[in-house]
Amino acid sequence: MDFTQTKNGDTLIVHVAGRLDAVTTTEFDAESQTWIADGNIKVIADLSGLEYISSAGLRSILTAAKQLKGAQGSLAFCGLSGMVEEVFSVSGFAAMFPMFATVDEALAG
Amino acid sequence: MKRHGIAFKLALLILSCAFIIVAVIMGYNYYYSRGIILQQAQTNAKSVAHETTSRIDSVLSGVQKVANNIALSMEDASLTKEDILELNKRVLANNPEIYGMAIAFEPYFLESDKLYFAPYHYRSGGRIGFSMLGDPAYRYFYMDWYQVPKELERAVWTEPYNDEGGGNIIMATYTVPFYRTMDGKKVFAGVVTADISLEWLEDMISDIKLFKTGYAFLLSRHGTFITHPTRDYIMNETIFSLAEELGSSQLREIGRKMVEGDRGFTQLDKTRGAEDRYLYYTGLEYGGWALGVLFPKGEMLADVHRLSWIMGLIGLCGFFVLALVIIYIARRITHPLTELSSAALEIASGNLDLKLPEITSRDEVGDLAESFRVMNTSLKTYIENLTSTTAAKERIESELRIAREIQMGILPKLFPAFPEREEFEVYASIEPAKEVGGDLYDFFFIDDTHFCFLVGDVSGKGVPAAFFMAVTKTLLKVVSERGMDPGDIITKVNGDLAAENESCMFVTLFLAIIDIETGETRYANAGHNPPIFMPCGGTPKWIPPFGEPVAGIMDMMEYSTKTMTMAPGDIMFIYTDGVTEAMNQEQKLYSDERLMELLTNMKEPFAPKVVKAIDESIKVFAEGAEQSDDITMLAMQFMGKCDKK
């Protein structure tokens, strides 16, 4: 998996690329640990580069979201498409998190 | 190739070096000392030769002086016959080196009536003998000793000769011409001769010893041997006749130089198997004689050779001592190595308790032995750890296997599940992935006419997922009561699961309850992927999701229930994402499209047939790729109310 971080004001934008499955969740978990460790609590995850997500991946996202929430922060998603978008919608994750089409829209809130 | 040990290689290398060094030292020493000895021998020969020649020259010059003085005094015309005889005798008596002396006058010179006048005094048995030379048989003025100085008008030494009359001794004679003035003219008057025996010369020269067999010899003006250790040569051979006999041009050349009075040092060519010899030669001042000093090279170099031999012997002894020392040291080094090597081999074969050889030397070998000991200990500890870890792992794996069996055991596996029921046909299968997963399905009667069936998928894998699955399944069974809607059931289960869910586990659920008399089906979906509804004779279609979230996270979530009606022959196919996300070797997904296509083209669908066909299709698609997720399918086919009742 590849993670690219950019900063916009106090918001951290993380571009996630690759496959998020049972094998790569450890990478995602390690990445999400750095967000709070670096003091970023407002995070937008750009999933436009994400090819695949499994139920284990959903759980990692959930864990990250819970930690951010515990730190009075927030986690929003944007750029979902194809299979990932379907999984989000089927699993109800689309209803649980703020979802946006693009990064700009997500920043606008 | 033969295998050689370190000891052998070390010894070979060092000894080769030592051998070369010793050889170079000895060789240099030999040539250097040889040069010195040769130079010394030359100097020695020179000084011996010069000493000898100067002794001979002093004798000869003494004789010459005496003869010259007599000759000078003979020019006095007032001398009487008596005076001359007296002078002759006295001079001989006073000069012991002179053997005999004659004063020979020209015929009729002193007395006009006497043809001969030549008094001769000589030594004989300790006395002085006298005779008057000249008679018709011995006309002395024709003899060489008379004629040569007369003609040359100067004093000469005769060639040495054997004086056969006077005791067979070798003699040489010095003759000096003398003149008298008559009528104002200087006329030849006669010669004075002084004989010397060459016996003393022989004695003197044979005393010269150079090394063991070196010797000296004397040559006359014409190259005749005057003295030589080989007595036959004396007066019989010349150096030239010897050269002719030996066929040696070198000797001829040397002879030529010697009679010319040259000096030189040369190595003689080998002739007649003789050993190498050196010759020093020098001319004498008087008599035209030449002295040669000859000495063999072998004897000259005997000392050098002996020195070389002794050095060689010492070198050889040193060589052997060195060899022994090297072998000893090499053995001392390699012996522990050999022991260590065999110990290592035995340890490698598994005997870790082998007692290592005691090596106490405080050097690299000792370090090696110490490292080896440490390695052995670490290896032992490591293997012990590994053994216990492996045992623990095996225990855990075995426990996991048992857990899996238990997990699978709580799912209904017996088909046909309700053979006595003709109103519906239910069939399910679960293909577990290698790792323990969290898929579940279940079906059971809530009351006589209401049949509940469900499929769920717990997030993640492993023991936590298995636990969560077991809890979910148990809760579902317990919660499902008569009269409850599927949404209510999921809402209640969700609440229970979410209450104590620190680890963010969740489960997707599709739960339906069918009235087996009417076909009315109520269903709820908590984040599960949409099932497929296959109407009898119609085109299959997805049952759209409501977008309600997975269960287990949000405890206050309310799930809704929807209702549809199944006609006889209709099938509801519920599955987990293990089906559509099954992957082949190229990591391509099985996909919704493939699933839908398969179901659309299926002839005369029947619940067990549907499940088995999809299962078969997935296996073909995966091409043996390892299954990453559980594959769970459930097909529920409604047959309608049994009319037989």
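Let me start with a word I'll be using: a residue is called buried when its relative accessible area is under 20%. Keep that in mind as we go through this structure, which is a predicted model.

First, a residue in chain A. Buried or exposed, what is A:V43? With a relative accessible area of 1%, A:V43 is buried, because buried here means under 20%. You'll find A:V43 in strand β3 of chain A, which covers residues 42-53. Setting aside neighbours within four places in sequence, A:V43 touches A:L12, A:V14, A:W35, A:L68, A:S74, A:L75 and A:A76. Take A:L68 from that list: A:L68 and A:V43 are 25 residues apart along the chain, and their C-alpha atoms are separated by 8.4 Å.

Now let's see how the two chains meet. On one side, 19 residues of chain A are in contact with 27 residues of chain B. About 1700 Å² is buried between the two chains, and carbon and sulfur atoms give 62% of that area. Of the area that chain A buries against chain B, A:S55, A:R59 and A:V90 supply 32%, more than any other three residues. Which elements of chain A each supply at least two residues to this side? They are α2 (55-70), α3 (82-91) and α4 (93-96), and α2(A) gives the most, with seven residues. By type, the chain A side divides into 10 nonpolar, five polar and four charged residues.

Next, please look at helix α13 of chain B, residues 592-600, where the buried residues are B:D592, B:L595, B:M596 and B:L599. Seen down the helix axis, these fall within an arc of 95 degrees, so they line one face of the helix. They pack against α3 of chain A, together with elements of chain B including β21 (571-575) and α14 (607-622).

B:D630 sits in the loop between α14 and β22 of chain B and B:R404 in helix α9, so the pair ties together parts 226 residues apart in sequence. Both of these residues are buried. Another bridge pairs B:E431 with B:K619, with the closest N and O atoms 3.8 Å apart. Here strand β13 holds B:E431 and helix α14 holds B:K619, 188 residues apart. B:K619 is partly exposed, at 48% relative accessibility, and also forms a salt bridge with B:D615, at 3.0 Å.

How values were computed
Residues are numbered from 1 along each chain as its sequence is written. Chains are lettered from A and ligands numbered from 1 in the order in which they are written. This is a predicted model: local features need pLDDT of at least 70, side-chain atom pairs count only at pLDDT 80 or more; totals for chains, interfaces and linings use all residues. Side-chain values use heavy atoms; hydrogens and water are left out. Contact means heavy atoms within 4.5 Å. Buried area is the accessible area (1.4 Å probe) that two parts lose on being put together, summed over both. Helices (H or I, at least four residues) and strands (E, at least two) are DSSP runs, numbered from the N terminus. Ala, Val, Leu, Ile, Met, Phe, Trp, Tyr, Cys and Pro count as nonpolar, Asp, Glu, Lys and Arg as charged, and the others, Gly among them, as polar. Buried means under 20% relative accessible area, exposed over 50%, partly exposed in between (1.4 Å probe, protein chains only). The arc is that of the directions from the helix axis to the C-beta atoms. A salt bridge is a side-chain nitrogen of Lys or Arg within 4 Å of a carboxyl oxygen of Asp or Glu.
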